[in-house]
Amino acid sequence: MTKTTDPRLEEITPKNFDAALGIRVRSDQEFAVAPVVKSLAEAYVHSGSAWPRLIMDGDRAVGFLMAFLDIDWHEDGGSVVRSGLWRLNIAAEEQGKGYGRFAVESVAAEIRARGGKDLYVTWHPGEHGPEGFYLGLGFRENGEVVEDETVGVLDLA
C-alpha cells in the first residue's frame, strides 16, 4: 500500500465540480456504488442531511464521499435518527493508498463533532464489494438489510 501524502476534504464548488465528476471506481466495483453525478443530485435534493466532499491529495482529486447526517432512518417521524457514510468513491488508480480509510475517519470525526456515537454504512454484498474494507475498519453488521444492502455500524465512543 502506498501511503497518502496529505489528503484533505473540500466542499464541492464550481471550481472542483468537474474533478468530482471525473472520479471513477474500477469497472468491477460499479455495481456497488453510484456515480458521483448521482450523489451530487441526491445531495441537492437532500441538502439538509447530505454532506458531500471531494477527497484531494495535493492538487489531485482522488475520491469522493458523501455522509448523511441526522436522518430519520425509518422515515416515521424520528423514532431512529442516524448518521453515516452514504457514498464512497475512490478513483480506480488511487485505491489501496489509504484514501478510503481517511474518508471513513473524516466522516467519523464530523459525526463525533456533532455529538454522534455511531457511524452507519450500507454495502452491496458481492465478490468485488466493499464488505471486507468496512469490516477491516471495525464496522460490524447489525442484522439489518436495506434495499438489498447490508447495514454496518462503527462505535465511535
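Mentor: What follows covers one serine and a group of aromatic rings. This is a predicted model, where local features need pLDDT of at least 70, side-chain atom pairs count only at pLDDT 80 or more, and totals for chains, interfaces and linings use all residues. Residues are numbered from 1 along each chain as its sequence is written, and side-chain values use heavy atoms, with hydrogens and water left out.

Trainee: Is S83 buried or exposed?

Mentor: S83 sits in strand β4, residues 81-90. Buried means under 20% relative accessible area, and exposed over 50%, with partly exposed in between (1.4 Å probe, protein chains only). S83 has 9%, so it is buried.

Trainee: Which residue has its backbone nitrogen 2.8 Å from a polar atom of the S83 side chain?

Mentor: S83 touches several residues beyond four places away in sequence, including F68, L69 and I111. Contact here means heavy atoms within 4.5 Å. The backbone nitrogen at 2.8 Å belongs to D70.

Trainee: How are the rings of W123 and Y134 arranged?

Mentor: Rings of Phe, Tyr and Trp (its six-membered ring) pair if their centres lie within 6.5 Å; planes under 30 degrees apart count as stacked, over 60 as edge-to-face and the rest as tilted. The centres of W123 and Y134 are 5.7 Å apart and the planes are at 20°, so this pair is stacked.

Trainee: What is the arrangement of Y134 and F139?

Mentor: Y134 is buried at 5% relative accessibility, and F139 is buried at 3%. Their ring centres are 5.4 Å apart with planes at 80°, so the pair is edge-to-face.

Methods
Helix = DSSP H or I, 4+ residues; strand = E, 2+ residues; numbered from the N terminus. Polar contact = N/O pair within 3.5 Å; in protein donor to acceptor, adjacent residues only side chain to side chain.
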